[in-house]
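Please read this briefing alongside the sequence and the model.

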Amino acid sequence: MALAALLAGALVLLAGCGSLPTDVQRPVSRALADPAGTPLAQLTAQRRPAGVAALQSGLALIDTADGAYASRLALTQSATRTLDLQYYAIHADTSTRELLRAVRQAAARGVRVRILLDDFHATGDDAQVMRMAFVPGIEMRMFNPVPGGRGSGLLRTLSGLRDFRRTQHRMHNKLFIADNAWGITGGRNLGEAYFGQGEDSNFIDMDILAAGPVVRQMSASFDQYWNSPLAYPVESLVSRDELLALREAARAANGNGNGGAQATAAAGQAPPQPAQAPRPPPDLPPAMDLRALPLTWAPAVVLSDRPAKLTAETDAEGAREDLVIEGVLQLLERARRDVLVVSPYFVPGEQMMGVFRRLTERGVRVRVLTNSLASNDAPLAHVGYARYRQRLLALGVELYEMHALQRGMARTMVGSSGGGSRASLHAKLLVVDGRLVAVGSMNLDLRSQLQNSEVTLLIRSRPLAGEATTIVERTLAEDAWRVEATPQGGLHWHAPPGADFGDADGEPDASLGLQLLIQLLGPLAPDEML
């Protein structure tokens with residue numbers, strides 16, 4: 001009887017969770033057709049060395065949290081015509097407030113702003129980011145919306161059960177493009193933990209900044225998603241009054257009137273001030289000087305999944321939609337000497353396992369850096385990875401797992417400007433034969449391959465490949481365990497020589513409760529859902 005009552009209650013809840021609007025108006029718009037006259041395009045021309053081919057782009061790895069924030073702020077402040085932002089998540093916090101305040105200032109000076117955000121995390125305080133849609137000069141669309149109220153993530157999860165397959169497919173792309181002339185892609189969402197400001201922990205991440213022809217490809221990918229039937233204008237989903245009511249409800253729930261502070265910050269809006277607006281917090285860096293940023297000039301191409309990947313495996317012509325992971329696997333297959341993989345969530349599946357087997361059989365060295373159970377911000381993803389560890393080691397793949405505390409290279413990449421001491425790997429990076437580099441939003445897991453859409457930048461450059469390899473190898477030498485199989489059929493975690501942390505014979509630094517949870521849930525979860 002109790003179970004029947006619970007099921008009945010769930011059905012009532014789902015019945016009241018709402019549905020998506022129909023007959024939605026989506027005016028088509030596209031990236032700036034000719035950026036040549038913009039200051040950013042002129043800067044690209046000025047920075048291009050003599051003799052560099054016109055089809056090559058200027059590129060810079062952004063491997064620190066301060067650099068990630070400063071580069072995005074610089075593009076925002078330098079834009080004169082357009083700003084296009086595409087993200088899986090934008091969090092309501094101080095870093096976001098300052099960055100979105102700069103975006104609002106850009107709109108105020110006449111820059112056309114388009115913001116495309118995946119809808120999955122737009123609940124609670126984070127829903128207030130959607131108020132950007134009601135700022136003059138800014139358009140905002142939500143990708144693949146989840147029906148139902150935004151005050152409770154639980155209710156939206158229950159609502160999503162009605163269309164579980166669709167709501168599991170998420171837009172994981174990350175792009176930040178100014179004037180169709182300069183752009184950034186990589187692993188970072190927008191939020192404090194990505195900019196070294198998290199109170200408890202921060203993400204170790206990497207971006208690539210590009211100037212020149214490849215940015216046109218980044219914008220073409222953005223336009224595909226912006227003009228997709230899966231992109232819903234915010235105004236068709238929620239009104240400004242509803243968002244304000246949600247903010248007031250949060251304030252009332254906190255009881256002291258401060259509950260909406262982050263919500264207000266999320267839209268880049270400060271409370272009314274009698275004097276000038278507050279200055280940015282002192283630990284946020286100023287805008288990067290793009291004129292002085294070292295650039296490497298090289299051929300580059302964008303790999304981008306198509307929006308239809310979220311609804312079908314093939315389009316009308318039978319073309320595959322999962323272009324990113326398929327492209328990455330083809331790149332791996334061509335390796336001759338060595339492969340270096342950085343993937344925070346690493347669930348290879350049988351197709352990738354076949355690729356690794358063929359690589360190691362012909363003598364290619366394969367190294368993989370991923371999260372340890374203790375450093376993983378999504379412990380269930382560790383379940384899928386753990387299933388493949390012994391098989392990967394048997395193939396000869398070298399496995400490294402990240403330490404959960406900031407130290408060595410991890411501290412440098414996160415930035416010690418006031419954030420928490422814990423670190424979680426979030427960078428997505430691939431280096432092949434010391435000459436090809438891929439940086440983007442993709443993980444080497446089945447969720448990226450089958451469930452989410454992704455984007456990555458593929459570059460042919462020995463200098464950039466060497467720079468990326470140096471960063472990763474320093475991390476391996478200072479911040480990661482090497483995992484090895486024992487003769488008894490178990491695993492041993494070797495700490496780097498001279499490290500201030502030791503070896504382990506079980507999931508290092510993970511609590512007993514977390515280890516038990518993983519063991520209990522492991523057999524129940526399919527790889528593609530992790």
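Residues are numbered from 1 along each chain as its sequence is written, and side-chain values use heavy atoms, with hydrogens and water left out. The chain has 530 residues, of which 57% are buried; buried means under 20% relative accessible area, exposed over 50%, and partly exposed in between, with a 1.4 Å probe and protein chains only.

**Confidence**

- Mean pLDDT, the predictor's confidence in each residue on a scale from 0 to 100, is 88 for the chain, and 85% of the residues reach 70 or more.
- Where pLDDT is low, the predicted coordinates should not be read in detail.

**Overall make-up**

- Of the contacts between residues at least 6 apart in sequence, 80% join residues at least 24 apart.

**Helices α10 and α11**

- The axes of α10 (residues 323-333) and α11 (residues 349-361) come within 10 Å and cross at roughly 15 degrees. Axes are lines fitted to C-alpha atoms, for helices over the stretch in contact, and angles run from 0 to 180 degrees between N-to-C directions.
- That angle makes α10 roughly parallel to α11; under 35 degrees counts as roughly parallel, over 145 as roughly antiparallel, 65 to 115 as roughly perpendicular and the rest as oblique.
- The α10 and α11 crossing is left-handed, a term for a near helix turned anticlockwise from the far one by less than a right angle, with clockwise being right-handed.
- From α10, Ile-325, Glu-326, Leu-329, Leu-332 and Glu-333 meet Gln-351, Met-352, Val-355, Arg-358 and Leu-359 of α11.
- The residues of this contact comprise 6 nonpolar, 1 polar and 3 charged. Ala, Val, Leu, Ile, Met, Phe, Trp, Tyr, Cys and Pro count as nonpolar, Asp, Glu, Lys and Arg as charged, and the others, Gly among them, as polar.

**Helices α12 and α16**

- The axes of α12 (residues 379-395) and α16 (residues 512-521) come within 10 Å and cross at roughly 60 degrees, so the two helices are oblique to each other.
- The crossing of α12 and α16 is right-handed.
- Pro-379, Leu-380 and Val-383 of α12 make the contact with Leu-514, Ile-518 and Leu-521 of α16.
- The residues of the α12 and α16 contact are 6 nonpolar, no polar and no charged.

- Thr-475 lies in α15 (residues 462-479) and counts as buried because its relative accessibility is 5%.
- Ala-394, in α12, is exposed, with a relative accessible area of 70%.

**Positive phi**

- Most residues other than glycine have a negative phi.
- Asn-180 has a positive phi of about 50 degrees; it sits in the loop between β5 (175-178) and β6 (182-186) and is buried at 6% relative accessible area.
- Asp-433 has a phi near 55 degrees, lies in the loop between β16 (429-432) and β17 (436-440), and is buried at 3% relative accessibility.

Definitions and conventions: Helix = DSSP H or I, 4+ residues; strand = E, 2+ residues; numbered from the N terminus. Contact = heavy atoms within 4.5 Å.
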